[in-house]
Amino acid sequence: MADVTAMVQAGARAGAGEGWRAALARKSEAVVLPVGALLAGLAIFGFFLMTQGKSPAEFYGLVYKAGFGSWFSWQNTLSRAAPLLFAALCVALPARLGLVVIGGEGAIVLGGVAAGALGVVLSGASSWVGLPLMALAAALVGGLWIGTVGALRHYRGVNETIASLLMSYIAIALMNHIVEGPLRDPASLNKPSTAPLPDALRVGNIPGAELHWGLPVGILCCILSWALIDRTTWGFAARIAGGNVRAAQVQGLPVGRLILGFTALGGAFAGLAGFFETSAVLGSANASLAAGYGFTGILIAFLARHNPLAIIPVACLLAGFEASSGLIQRRMDLPDATVLVLQGFVFVAILLSDALYGRFKIFTPERWRT
Amino acid sequence: MSTSSLSRRHFLMGTALAGSAAFLGLPRMARAEALDKLTVGFIYVGPKDDYGYNQAHAEGAAALKSIPGVTVVEEENVPETIDVQKTMESMINFDGATLLFPTSFGYFDPHILEMAAKYPDVRFEHAGGMWQADKHPTNVGSYFGYIGMGQYLNGVVAGHMTKTKKIGFVAAKPIPQVLLNVNSFLLGARSVDPTITCQVIFTGEWSLAVKEAEATNALCDAGCDVITCHVDSPKVVIETAAGRGAYVCGYHANQSSLAPDKYLTGAEWNWSKVYTDMITATMAGEPIPNFVRGGLAEGFIKMSPLGPAVTPEAKADFEAKQAEILKGGFAVIKGPLKDNKGNVIAAEGEAFVETDVKLESMDYLVEGVLGSTS
């Protein structure tokens with residue numbers, strides 16, 4: 001109940017026309033704290049590097065060079081970010097309802113298989129017919145998969161975290177069965193795959209860049225998700241249910257439908273990631289779909305504090321870390337796990353920073369009220 | 001090859017005439033003449049120290065570091081997604097690599113093919129792929145070794161050492177390369193005693209330690225007393241099997257240090273020889289053939305030294321059969337032979353020697369293998 005009251009009060013204050021300084025103070029807390037935590041995480045990791053006899057300056061210099069220092073680096077980073085945007089949405093949307101869904105990997109994999117399978121059936125169709133249908137199929141399968149997690153939660157009281165994780169293993173096993181069995185292209189000898197998609201059913205690159213259309217679509221999905229959560233009554237109801245499910249029920253909000261809708265929507269986005277992997281990158285569905293994007297997505301969603309707009313920069317940041325992993329291995333002779341350790345430090349720092357909200361007077365609107 | 005290097009030379013002359021400013025931004029032109037410097041990039045799908053597939057390649061790469069003028073850059077744990085494309089580009093752009101060895105099978109299509117089209121002056125050498133002149137670019141090559149022969153020799157030793165007449169195989173996926181190894185292992189053992197059976201368990205993944213341990217335990221429970229495997233990292237299988245008291249035969253690399261008493265022998269890649277030859281040729285300005293294959297005789301694969309448990313009879317038989325293979329023309333798959341569903345694989349007098357490309361599309365388990373490909 002407390003959350004609802006706070007939210008209503010906050011709304012009332014905003015409506016009452018608080019001064020711009022107060023509004024700025026309130027908003028900047030949500031930016032300054034995570035950024036501060038990020039910098040703290042990077043700094044602590046720097047000390048860790050020094051204990052290993054490596055130079056933090058060289059390390060961050062290489063991260064910049066390989067992740068953000070040139071157009072090639074940006075393309076590298078952004079092409080890695082594309083699937084992560086969708087994967088993070090699959091975590092962030094249910095999280096607004098207080099659900100921790102960590103099995104987006106399953107929806108990505110099955111979405112990719114659905115797109116690949118439909119592509120085989122549709123070979124000969126034009127891009128304008130085939131690609132939307134494939135995307136739709138992928139979103140549908142992903143939505144059903146994660147929607148099932150929501151349904152299990154709502155109707156049977158099954159813990160959604162465990163259910164989604166275990167279901168992702170089932171999804172991967174199912175994918176292996178499908179691409180190694182019924183839908184295997186006999187020509188794919190040592191790498192079992194579905195039949196290669198015809199060129200018309202391959203998603204191309206954005207003109208002038210080596211980035212496929214998954215990136216702009218992913219960004220669009222983040223913006224739409226933000227609008228859904230922040231600008232619609234559905235989103236408002238979801239936030240209330242996420243704050244206090246009993247209060248939401250007492251108020252007569254359709255909690256069941258919200259849970260099903262938000263989990264299914266998250267799953268549909270993850271399914272789209274699979275569609276783009278199959279159609280833009282791999283050219284057929286195979287085991288490479290299970291590349292761990294779903295799990296990196298969890299990290300991104302938590303770092304973005306489940307804010308769909310914040311997912312965009314956070315996904316780029318983590319993609320940039322991953323893009324630099326290679327150069328770090330090659331130039332500094334550090335193992336591949338280095339970037340994982342860095343991600344771990346940043347993750348812990350940002351989680352700890354959650355405890356700091358409201359602790360700094362400078363961010364309280366009251367202080368700045370005129 | 002010859003026509004393309006000719007056109008490259010023309011291109012070089014053209015750019016030189018037009019002024020070299022534009023040339024500076026381009027990757028270094030491919031080897032028409034001897035080189036004094038070469039940067040080679042190696043990409044692995046797993047960790048470099050996995051006691052298996054990736055370690056075998058990394059040991060090969062390490063052998064190159066002593067060649068003057070050669071710089072080796074490496075990256076491990078690169079997934080078979082857009083990641084590997086970007087890793088290749090990063091090695092080309094940041095390190096100036098002109099010869100790349102993306103070593104995982106799954107890197108080939110579409111990743112290597114796309115990068116090869118984009119960087120026609122960089123050479124891409126791929127392990128295990130089926131390069132075809134009519135389908136694939138000329139700056140791509142594929143190389144592989146007939147390691148099934150090594151599993152056959154593993155089987156010969158296993159056939160002598162097994163008491164239960166049951167041997168076991170932990171396999172990743174039912175694909176041709178793996179099936180050939182399973183079949184060769186059993187046929188090696190059956191060359192000693194035709195009543196031996198081999199149980200195979202597929203884990204479904206190239207690297208999944210938990211399932212590999214479960215599969216190994218299941219094989220031990222079923223009475224298998226010599227176990228080998230084909231997964232990316234044999235470490236778990238070797239340690240688990242040896243812990244259960246079974247003998248083990250290695251794969252990919254030498255795992256004898258993991259089970260000194262129980263390790264019989266192992267089928268190892270000998271990439272250091274293959275890579276050294278390829279790099280030496282490149283440095284001398286000679287092209288690498290696009291399709292390279294070799295076996296025991298060519299030094300592409302080798303056997304681990306026999307372990308202390310191996311009996312003198314087993315040793316004698318192993319050495320005799322190894323000598324026979326080294327002569328060339330040896331066939332593991334030869335008639336009369338049926339698969340384990342009763343279909344005839346090879347009629348009386350029919351034989352598939354190791355170089356037969358038909359073996360690279362194998363889809364059956366031979367009679368005596370307990371297990372199913374699907």
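Two residues are in contact here if their C-beta atoms, placed from the backbone, lie within 7 Å. By that rule, the contact between the chains takes 23 residues from chain A and 28 residues from chain B. This is a predicted model, in which local features need pLDDT of at least 70, side-chain atom pairs count only at pLDDT 80 or more, and totals for chains, interfaces and linings use all residues. Residues are numbered from 1 along each chain as its sequence is written, while chains are lettered from A and ligands numbered from 1 in the order in which they are written.

Start with the side of chain A that touches chain B. Helices H4, H7 (160–180), H11 (255–282) and H13 of chain A each give two or more residues to that side. Helices (H or I, at least four residues) and strands (E, at least two) are DSSP runs, numbered from the N terminus. H13(A) supplies the largest share, five residues. By type, this side of chain A holds nine nonpolar, nine polar and five charged residues. Nonpolar means Ala, Val, Leu, Ile, Met, Phe, Trp, Tyr, Cys and Pro; charged means Asp, Glu, Lys and Arg; the others, Gly among them, are polar.

Two of these helices also pack within chain A. H4(A) (residues 71–95) and H13(A) (residues 308–332) have axes 7 Å apart, at an angle of about 135 degrees. That makes the pair oblique. Angles under 35 degrees count as roughly parallel, over 145 as roughly antiparallel, 65 to 115 as roughly perpendicular and the rest as oblique. Axes are lines fitted to C-alpha atoms, for helices over the stretch in contact, and angles run from 0 to 180 degrees between N-to-C directions. Among the residues that meet are A:Leu84 and A:Ala88 in H4(A), with A:Ile312 and A:Ala315 in H13(A). The residues of this contact divide into 15 nonpolar, four polar and two charged.

Now turn to chain B. Six strands form an open, parallel sheet in the order S2-S1-S3-S4-S5-S11. S2(B) (70–75) and S11(B) (291–294) stand at the edges with a single partner strand each, so one side of each has no neighbour in the sheet. Neighbouring strands are turned by 20 degrees on average, direction ignored. Strands pair if DSSP finds at least two bridges between them. S5(B) (residues 140–145) and S11(B) pair over four bridges.

H4(B) (residues 108–118) lies across S3(B) (99–102), S4(B) (123–127) and S5(B), at about 165 degrees to S4(B).
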